[in-house]
Structures are given as C-alpha cells and as structure tokens.
Amino acid sequence: MTVSPSSSERRPDHERTNPTGMNYSRIWRWAVLGTATVSLVPLLIMAGWNLVQFRKALAAESRVPIHNLLANAKQSVSMFLDERKSALNFIVEDNSLEQLSDPERLSRLLHNLKTSLGDVVDLGVIGSDGVQRYYVGPYNLGGRNYKDESWFREVALRGSYISDVFLGFRDFPHIVIAVRQDLGRDFFILRTTIDTQKFNAILGNLHISAADDTFLVNQEGVIQTPSRLFGGVLENLSLPLSPARNQSEVVEVTSPAGKDLLLGSVRLDGTPFTILVIKESALFLGLQQPFIGELAGFLAVSVVVILLTILRVSTIMIRRIKTADEHRIQALHEIEYTNKMATIGRLAAGVAHEINNPLAIINEKAGLLRDIYDRATDDPRREKVLKNVESIQKSVERCSKVTNRLLGFARHLEVRFEPIEPEPLIREVIGFLEKEAQYRNLALSLNAAPELPAIISDRGQLQQVFLNILNNAFAAVSDGGRIEINITRPDEDHVAVAIGDNGVGIPPEHMQRIFEPFFSTKGVKGTGLGLSITYGIVQKLGGAIEVTSRVGEGTVFTVTLPLRQE
Amino acid sequence: MRVLLVDDEEEFVSTLAERLELRGIMAEAVTSGFEALERVAQTEYQVVVLDLKMAGIGGLDTLRRIRQMRPESSFIILTGHTGLDEFQKVQEEGVSFHLMKPLDIEVLIEKIRTAGGGKGES
C-alpha cells in the first residue's frame with residue numbers, strides 16, 4: 001500500500017506515545033484526577049459538615065420539648081407530693097397527740113383528707129418508740145412496731161419521708177408519706193398511705209404525643225409508675241441509668257431492642273424518685289430524611305455536573321494541546337525537510353557545475369578526435385577510434401543528463417510560478433526513478449492527452465509532489481509491478497495527473513488517515529510526513545488530491561492542478 | 001564570420017576553437033575577460049561566446065564592456081551552471097542564446113550562425 005516516503009514507528013493507538021513524545025492520555029488522567037480532587041473534596045467536606053451541623057441543631061431542637069416535659073413533670077409531681085405532705089404537717093400542727101388519739105377525730109381527719117385529696121387510703125400515728133398508736137384505714141395495723149424499719153429511722157432523722165411505690169391494699173400501687181411532729185424532747189409521726197392512681201394520671205396527662213413515655217423510677221431503677229415502653233410498676237427498668245441530677249438532662253441511649261432513644265431525666269428532691277422522659281430518636285431522625293434527601297440530590301447533581309465539566313474541559317484542552325504540539329512538530333519537520341532539500345539542492349548545483357566543466361573538456365577533446373579521424377579517411381585505425389570516441393561522447397551525454405537533472409532539481413527549490421509543460425515535468429521526475437524501475441523490472445508507462453496546455457505553477461514543488469507519490473507507488477508494488485501515469489484535461493481550467501499502481505492497496509481503515517501528519521505504515525523507515533507534505537503543497541498550489549484504492553488491486557492518486565494561479 | 005570564445009578553461013576553449021575552425025568558422029580563444037577586451041578593441045567579432053564564471057572580470061561584466069565597444073556584436077552564453085539570479089540578469093542583457101556545457105558542437109554552430117547572420121536576437 002502506499003504511504004509517505006518518510007515516518008515514525010507505529011504502535012497500536014491505545015498505547016502509542018505520539019511523535020511529540022508526550023503521553024497525552026496520562027496527562028489527561030492527571031488533569032481529570034487533580035481537578036476532580038480539588039473541586040469534589042471541598043464539596044464533600046462541606047456537605048458532610050452541613051449534615052453534622054444540621055443533625056446537631058436538630059438534636060438540640062428535639063431535646064427542648066423533653067426538657068420542658070421534665071420541668072412540667074417535676075413541678076406537677078412535686079406539687080402533688082408537697083400538697084399531701086403539707087396536709088399532714090397541717091394536721092400535726094393543728095392537732096395535739098391527744099386529739100389524734102381520738103379514733104373518731106382521726107377518722108374524721110381521714111375522711112376530710114379523702115374528700116379534699118381523694119387518694120388517701122389510711123392515717124396512722126406512730127410514737128417515737130416506733131409503735132403505731134392510733135390507726136384508721138383498711139388494714140389492721142394498730143400496735144405494729146416500725147422501730148427497725150428504715151423509713152421510720154429516716155422520718156425520725158429528717159422530719160419527713162416519701163416511700164417508693166409498693167403494692168398495698170388490694171394490690172394497688174401505693175406510696176407512704178410520713179411527717180414528724182416534735183413534742184419537746186419527744187416526737188410522734190403521722191403517716192398516710194396514698195393510692196398512686198391519681199399520681200399516675202398526672203404523669204399520663206403530661207404526654208405531648210403518643211410516642212412519648214414519661215414515668216418515675218426509684219434509685220434502684222425500679223419502675224414506679226406505668227411505662228408505655230418499659231413495662232409496669234415495680235418492674236426493673238431495662239435501660240442503663242446514670243445517677244440522675246437535680247438539673248434535667250437528655251442523653252442518647254439504645255434500648256435492649258436496639259432502638260435509638262432520647263432519655264431525659266431529672267431527680268425529684270426529697271423523694272426517691274427520678275422522672276424519666278423517653279422519646280424515640282427515630283422520630284426526630286425522620287425529620288432529617290427530607291433534608292438528607294435534598295442534600296444527597298444536590299450533591300449528586302453537583303458531582304455529576306462537575307465531573308462532566310472536568311471531563312469535557314480536560315478532553316478539549318488536552319486535544320488542543322496535542323493538536324498544537326503536532327502542528328508544531330509538523331512545522332519543524334517541514335522546515336527541517338525544506339532545509340534538507342535546500343542543502344541537497346546547493347550541493348547538487350555545486351557538484352553539477354564542477355562536473356560540467358571537465359565534462360565539457362572531455363566532450364570537446366573527444367569531439368576534436370572525431371573531427372580529426374573523420375577527415376583521416378586512409379587511417380587504418382579510423383573506425384576503431386571513431387567507435388571509441390562515440391562511446392566517450394555517449395558517456396559524456398549520460399553524465400550530462402544526470403548533472404542537468406541535479407541542476408534542475410536544485411534550481412526548482414526556489415519558489416516561483418512559471419509556465420510548466422506537464423508531460424516533460426513528469427518525465428523529469430520519472431528520470432529520477434528510472435534506474436530503480438529498471439532494477440526492479442517495473443513497467444512504467446506515461447500517457448498524456450494530446451495538446452495539453454502549460455500550467456502556471458511551481459516546478460520544484462510539483463516535482464516534489466509527484467516524486468512523493470511515485471515513491472509511494474514504488475513502495476506499494478512488488479518487483480515486476482506496473483505503474484501507469486495518465487495526464488488528462490478534465491475541464492477547461494484543469495490538468496489532472498493520475499498515478500496508478502497495481503500494488504497492495506490501502507485498507508479502508510487507513511484511507512481516512514493517509515494524509516495525516518505522522519501516519520505511516522512503513523515503520524521506522526518513514527516519518528509519516530511525505531503524503532501530508534504532498535497534500536499541503538497541492539493545496540498551496542490551488543489543486544486537489546484524491547485517492548482511490550482497493551486492497552490487493554492497487555491505488556490511484558489523482559492530482560488535479562489549475563491552469564492558472566489565482 | 002569571426003567568433004571570439006571566452007572561457008577560463010583553456011583546454012576547453014582552445015579545443016572548441018580548433019573544432020570550429022575545422023568547420024570553417026574563424027574562432028579565436030581567450031581565457032579571461034581582460035584578454036577578450038583587448039582582442040575586441042583590436043578586432044570586430046560578430047559573435048562572442050562567453051562563460052559566466054571566470055577569474056578576473058566575470059562573464060556579465062565582460063559582456064557589458066564589449067557591448068559598449070561593439071554594440072553590433074551578438075552574445076552567446078556557454079556555462080556549466082547558472083543560478084536563478086544570474087540567469088535572470090543574463091536574460092535582461094538580451095543575449096542571443098544561453099547554452100549549457102557540455103554541448104553538441106552542431107548546436108553551437110547553428111546558434112552562432114543564427115546570432116551572427118541574422119543579427120539575431122531569437
């Protein structure tokens with residue numbers, strides 16, 4: 001197949017470092033990676049930071065109602081207990097021990113308490129010796145000694161006492177409230193049992209939503225009022241509890257079932273109780289779903305847009321760099337090529353000139369010999385000498401042809417438009433390749449249409465064009481091949497030179513690329529510039545170049561040239 | 001017809017003169033521009049055959065000076081190689097013919113006859 005007379009080593013496209021010596025796909029990869037990193041990393045960090053901040057804000061926000069609930073519950077429960085404690089205090093202040101010893105009066109007091117408070121079950125007076133002196137209520141507790149009970153010791157020491165919840169009368173949960181009344185050096189204790197149903201109702205009414213759970217536990221973590229999530233009264237709370245403080249606080253805990261919970265707690269002073277408010281974190285997590293969705297969507301769109309932009313911009317940029325590099329290298333090669341040709345031209349001119357002078361002397365000397373022997377008709381050596389002289393003159397003529405071609409070639413390196421006869425021009429070019437054609441037994445034929453006009457063009461450049469194309473044709477055919485040149489006049493204003501060979505042909509996949517700089521199939525032998533330079537010259541001269549080829553059948557290059565330059 | 005051959009290659013110019021003589025052309029050979037000017041001052045030549053590159057006065061200078069002395073003379077340039085610039089200058093001088101060495105003597109004679117006979121700018 002044809003291709004340029006000069007080019008670099010070819011490797012498959014994907015691993016090819018091109019003639020500029022640069023690995024553009026690697027530069028591209030680094031450009032994409034680098035730009036993507038510096039643009040995406042800050043974006044992702046910002047998005048992550050936003051999410052963390054949003055969650056913090058949301059968590060803080062979601063704790064506010066828990067704190068409120070705790071405050072309300074604390075107030076309500078304290079009020080409930082204080083109310084009952086105050087009632088007892090009022091009774092012991094208002095009634096002497098003697099008055100309280102009157103069962104009727106004690107019953108009336110119990111009745112009054114039941115009427116005003118509603119949940120009082122019994123009333124008992126206990127002496128400083130721990131013996132229950134007087135008692136009204138459903139139990140038969142008169143005379144019972146509490147001396148060794150811890151609550152008795154506590155009320156004797158501190159003046160008042162509120163018990164844990166216990167199952168009392170008819171198995172309903174109860175608490176005990178007791179107050180001490182000092183009588184000089186002695187004292188007595190007024191004690192009452194309270195049904196916690198009303199107490200539970202207070203906590204139940206505090207609920208803001210069905211998802212909340214508000215209840216009391218004692219210091220041992222035993223549930224004191226019913227919990228929606230953690231079981232009934234007197235069951236052990238299955239949550240780890242840190243010691244509660246008087247200030248309300250909210251922490252995140254995980255339930256045994258694996259649920260994330262927000263746990264609010266506050267200690268009730270002067271009681272064994274801690275108020276707990278429990279909320280499922282999932283409820284507040286639910287609030288962030290839309291935000292996370294929007295954030296993720298925004299992020300995804302941004303990332304895609306950024307990546308697409310980076311890919312596009314990098315690709316365009318690297319492609320431009322590559323093109324610029326190739327143009328630069330091509331220009332350098334062209335300059336180099338032109339310089340080389342100019343040097344060859346000067347050298348050729350010098351050589352030709354130096355040879356032509358002695359050649360002229362040989363020619364004249366031989367000519368003179370011939371002149372002399374032509375006239376010496378009786379000399380027996382005449383025939384022999386004349387034959388030799390003729391041989392000398394033929395050799396001179398051959399040398400002269402070579403030097404003339406060299407001179408012509410050198411002269412035509414200078415750019416100049418002049419009238420050129422197409423056929424002699426082609427013959428001149430063929431002259432350069434004649435010897436090779438003979439050695440390789442190539443059939444070289446030239447057919448020119450009759451009466452072709454001269455074209456105005458640059459002789460040197462045209463020689464280069466046809467020399468390149470012929471070189472390719474020579475490379476394409478095998479020994480004994482055929483190369484046919486047809487010069488025609490396709491229309492009034494043009495002359496066409498078609499150079500056809502019966503060589504290997506050009507595969508269709510190469511056809512697109514044969515005029516590209518650096519495209520070559522000749523391996524290390526070619527520069528890949530021959531046909532690209534040829535193409536450039538033909539364009540510069542206002543002409544056109546066309547290729548038709550069939551693999552295995554051959555290739556035809558057709559150069560169409562205008563008769564006149566614009 | 002008298003012809004003056006001017007070329008610094010002595011062997012060439014003398015042999016050429018001898019051959020022209022054999023063909024009935026009175027040719028004299030000189031090997032420099034100076035010599036040529038001396039001869040032209042003494043004798044009139046119808047045709048002067050000049051080399052371009054010569055030591056001393058170059059071919060073109062010689063041509064101009066001879067033309068001053070003998071405006072009716074015709075000129076043939078016979079040279080080993082002509083650069084483009086030189087070629088154009090020669091054209092501008094209006095020489096009759098511009099021939100390349102080595103050459104066929106019959107061609108030269110034809111040109112000499114044309115140049116000398118028809119006073120021929122061709």
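**View 1. A:Asp491 has A:His494 of strand 15 of chain A as its bridge partner.** The model shown here is predicted. Strand 14 of chain A covers residues 482-491, and strand 15 of chain A covers residues 494-501. The two strands pair in the antiparallel sense. Seven bridges join them.

**View 2. Five strands of chain A form an open sheet.** The strand order is 12-14-15-17-16, and the pairing is mixed. Strand 12 (443-448) and strand 16 (544-550) of chain A are the edge strands. Each edge strand pairs on one side only. On average, neighbouring strands of the sheet are turned by 15° against each other, direction ignored.

**View 3. Chain A meets chain B.** The contact takes 22 residues from chain A and 20 residues from chain B. Together the chains bury about 2,100 Å², with 57% of it on carbon and sulfur atoms. Four salt bridges cross the interface. One of them links A:Asp371 with B:Arg23, whose closest N and O atoms are 2.7 Å apart. Helix 6 (281-375) and helix 7 (382-411) of chain A each give two or more residues to the side that touches chain B. Helix 6 gives the largest share, 15 residues. By class, this side of chain A has seven nonpolar, seven polar and eight charged residues.

Terms used. Residues numbered from 1 in each chain as written. Chains lettered and ligands numbered in written order. Predicted model: local features only at pLDDT ≥ 70, side-chain atom pairs only at ≥ 80, totals over all residues. Heavy atoms only, no water. Contact = heavy atoms within 4.5 Å. Buried area = accessible area lost by both parts, 1.4 Å probe. Salt bridge = Lys/Arg side-chain N within 4 Å of Asp/Glu carboxyl O. Helix = DSSP H or I, 4+ residues; strand = E, 2+ residues; numbered from the N terminus. Nonpolar A, V, L, I, M, F, W, Y, C, P; charged D, E, K, R; others polar. Pairing = 2+ DSSP bridges. Axes fitted to C-alpha atoms, helices over the stretch in contact; angles between N-to-C directions.
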